[in-house]
Amino acid sequence: MPDDVSSLAGEKFVSLTTWKKSGEKVASAMWLARDGDALVMWTPADSWKVKRIRRDSRVELAPCGRTGKLNDGAATTSGSAIVDADPAETARVKQLIKTKYGFEFYVITLLERIVARGSKERVVVRVTV
């Protein structure tokens, strides 16, 4: 629903829930941006969430804090996700995220490069609700 997209796109962080083969839910706090009627995220290509989405496209989104703790009274929105590894699309979504988060984007990505000792390949997770 477009209203859910607008509401979630306005959040600083969302909890992205995916499913393991066992049926267990796994949640990750994510940055996101709006891209038309979809929500997009930029994440390492080798992350477990990417592997789980490639196997099972179901996701749940809910507003959360930086650590993933759900906001009080947070509603959960169900959706479907795809992984897009196209370099042009990845660069475009990176720019959307960079525009939304500004200086914080530069600080966090610098810290990630220091900790990971280099930059990791990234992909786009595109969610429709």
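Which side chain meets that of Arg92 in a salt bridge? I began my notes with this pair, bearing in mind that the model is predicted.

**Entry 1, salt bridges.** I found that Arg92 is paired with Asp35, with 2.5 Å from N to O. This pair links distant parts of the chain, since Arg92 lies in helix α3 and Asp35 in strand β3 (residues 33-35), 57 residues apart. I noted Arg92 as partly exposed, because its relative accessible area is 35%, and Asp35 as buried, because its value of 18% is under the 20% cut-off.

I then looked up Arg126 and Glu89, whose side chains also meet in a salt bridge, at 2.4 Å from N to O. Arg126 belongs to strand β7 and Glu89 to helix α3, and 37 residues separate them. Both Arg126 and Glu89 are buried. Salt bridges with shared partners bring Asp35, Glu89, Arg92 and Arg126 together in one network.

Elsewhere I looked at Lys12 and Glu104, which form a salt bridge of 2.8 Å, N to O; here Lys12 sits in the loop between α1 and β1, while Glu104 is in helix α4, 92 residues apart. I recorded Lys12 as partly exposed at 41% relative accessibility, whereas Glu104 is buried at 17%. The count of salt bridges comes to 11.

I asked myself which residues of α2 are buried, and found Lys49, Val50, Arg52 and Ile53. They lie on the same side of α2, because the arc they cover around the axis is only 165°. Trp48 and Arg54, on the other side of α2, are exposed. The cover over the buried residues includes β1, β2 (25-30), β4, β5, β6 and β7.

Finally I looked up a nonpolar surface patch of about 630 Å², made by Phe103, Val107, Leu110, Leu111, Ile114 and Val115. Val107 lies in helix α4 (residues 103-116), and I noted Val107 as partly exposed because its relative accessible area is 32%.

Definitions and conventions. Residues are numbered from 1 along each chain as its sequence is written. This is a predicted model: local features need pLDDT of at least 70, side-chain atom pairs count only at pLDDT 80 or more; totals for chains, interfaces and linings use all residues. Side-chain values use heavy atoms; hydrogens and water are left out. Patches are made of residues with over 30% relative accessible area and no salt bridge: like charges are joined within 9 Å, nonpolar side chains (Val, Leu, Ile, Met, Phe, Trp, Tyr) within 5 Å. Accessible areas come from the Shrake-Rupley method with a 1.4 Å probe; for residues, only the protein chains shown count as cover. A salt bridge is a side-chain nitrogen of Lys or Arg within 4 Å of a carboxyl oxygen of Asp or Glu. Helices (H or I, at least four residues) and strands (E, at least two) are DSSP runs, numbered from the N terminus. Buried means under 20% relative accessible area, exposed over 50%, partly exposed in between (1.4 Å probe, protein chains only). The arc is that of the directions from the helix axis to the C-beta atoms. Contact means heavy atoms within 4.5 Å.
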